[in-house]
Every structure is written in structure tokens, then in C-alpha cells.
Amino acid sequence: MRTKTLEQNTAQDFAGLQIDQLQKLRNGNITYEQVKWFNNLSYEQRQQLMGKQPEKAAILKCISEAQEIFIETCDGTQTIATAKETFKSGIDGDFKNWGTNKLGNSTQKTSVQVHELVKDATFAQMFGSLETDLDKLCLSQHQIKLFCEVHKDWLHKDGYAIFFLFKVDEQFFVANVYVNSGGLHVSVYRFGLDDVWRAEYSHRMVVPQLTA
């Protein structure tokens, strides 16, 4: 029975190549026909065939690496739903409707980082690109409020969002803060929302600084 030549192999069955054929490709000892076939594969398939893992396009870019940003100690007694003096332009009613208006735990002085979206992504994709344990990416509502009061220079000035992940009763939510002419406005989304946020608007997010 005749075996397939490399030229006959397609992008779908490239994984079935013989070991000696793979070795030739990796050593650069290939014919013109093999080069043609190899070049017709996708980038990911070429990388896999050569024994390499393709690089993943970054979703976020840290824009605060050159600076240390801290949120001071919080006692957890302040919630976003009641922070009318901080969010003078408006507070989404779903903070109360979804039961987020609950006191949190006290927190120590916390180092945080600001990231900017560079690739279209959902909340799960953007936060998940930093850490799979979402608890490590959460800030308390009191911390979010304090950040917006103390670190106003890091809020987006072009009417676009800055996101904060927080947790209430084992549910994850995302607070979305905008800078409007009338002051700060804050809305809330469920973390599982599958809407895709556009990178062209350079949305930002704030998370605790992760330790190696």
C-alpha cells in the first residue's frame, strides 16, 4: 500500500507524518515540494510541527510598572452602592438589586497594578490572562472606592471604562467606572457576561499586584 507523500498531506492531517519526515523538517533537510507543503500550513501548525508552542497574543499591557500604587488599609465598612460622594455622576441600581450592598472584610495596605486592554476580550479572558484564581484578582468595594478617590490620575479620562473585580457571597462582579463631566459614574456587571470589550478604546483594569 502506498503511503502519502508530504505534498499530499494537508493541514488537517499533518500530525500523522512519519518520525523520519518530521526529523528532516526540523533539521532543514527538506525538498522543494516539502517546503511548499510546509508553507501552506497555518502559523500555529508550523510551530507545532517544529516542536514549538506558538506565542499567545497578549490581552493586557501593564501601564503602571514604573510606579508603585498602593491602596491604604480599609476596614471594609464602605460599599459602592452608598458611595454617592465618590460617584457623583451616578451609581448603577444593580449594585443594590443584585445584593452587592454588603460589608466586606478589612484589608491591609495593598499594592495594585493598572493594565490596559490591547486585544478584544471578555471579562473572563482579560482577568483570566493574569491569573486563573480569581480571588487573587479581587479588590474589596471599600478598596475600589478609595482607589477612585486617591488615584484619580489612573482613571480613564476619555470616557472609557476602568474595571475592578470584586466578590460578594461567592459571586464575582465587575465594577465599571467612567469619568463624566459631572464626576465619576459606576456601573456593575456580572463576571460571566460574554460581551466582548474592544481594545481600540484602551479600557483599563486594576488588580492587586501578583507575586511570583
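Author: In this predicted model, the lining of the largest pocket divides into 10 polar, 5 nonpolar and 3 charged residues. These 18 residues surround a pocket with a volume of about 310 Å³, and those nearest its centre are Leu103, Gly104, Asn105, Ser140 and Lys167. Two elements, α6 (141-150) and β5 (162-168), each contribute at least two residues to the lining.

Phenylalanine 166 is buried, with a relative accessible area of 1%, and phenylalanine 95 counts as buried at 0%. Among the 12 aromatic pairs of the structure, the one formed by phenylalanine 95 and phenylalanine 166 is stacked, because the ring centres lie 6.2 Å apart and the planes stand at 20°, under the 30 degrees that the term requires. This pair connects helix α4 (residues 94-97), which holds phenylalanine 95, with strand β5, which holds phenylalanine 166, across 71 residues of the chain. Phenylalanine 147 in helix α6 and phenylalanine 164 in strand β5, 17 residues apart, link distant parts of the chain as well; their centres are 5.6 Å apart and their planes at 65°, so this pair is edge-to-face, and both residues are buried.

Over the face of tryptophan 98 lies arginine 190, at 4.2 Å from the ring centre.

Notes: Residues are numbered from 1 along each chain as its sequence is written. This is a predicted model: local features need pLDDT of at least 70, side-chain atom pairs count only at pLDDT 80 or more; totals for chains, interfaces and linings use all residues. Side-chain values use heavy atoms; hydrogens and water are left out. On a 1 Å grid over the protein atoms alone, a cavity is a set of points where a 1.4 Å probe fits but cannot get out, and a pocket is an open set with protein on both sides within 12 Å along at least five of seven lines; lining residues have an atom within 4 Å of a point. Grid points are joined across faces, edges and corners, and a volume is the space filled by probe spheres set on the points. Helices (H or I, at least four residues) and strands (E, at least two) are DSSP runs, numbered from the N terminus. Ala, Val, Leu, Ile, Met, Phe, Trp, Tyr, Cys and Pro count as nonpolar, Asp, Glu, Lys and Arg as charged, and the others, Gly among them, as polar. Rings of Phe, Tyr and Trp (its six-membered ring) pair if their centres lie within 6.5 Å; planes under 30 degrees apart count as stacked, over 60 as edge-to-face and the rest as tilted. Buried means under 20% relative accessible area, exposed over 50%, partly exposed in between (1.4 Å probe, protein chains only). A charge sits over a ring if NZ of Lys or CZ of Arg is within 6 Å of the ring centre and within 35 degrees of the ring normal.
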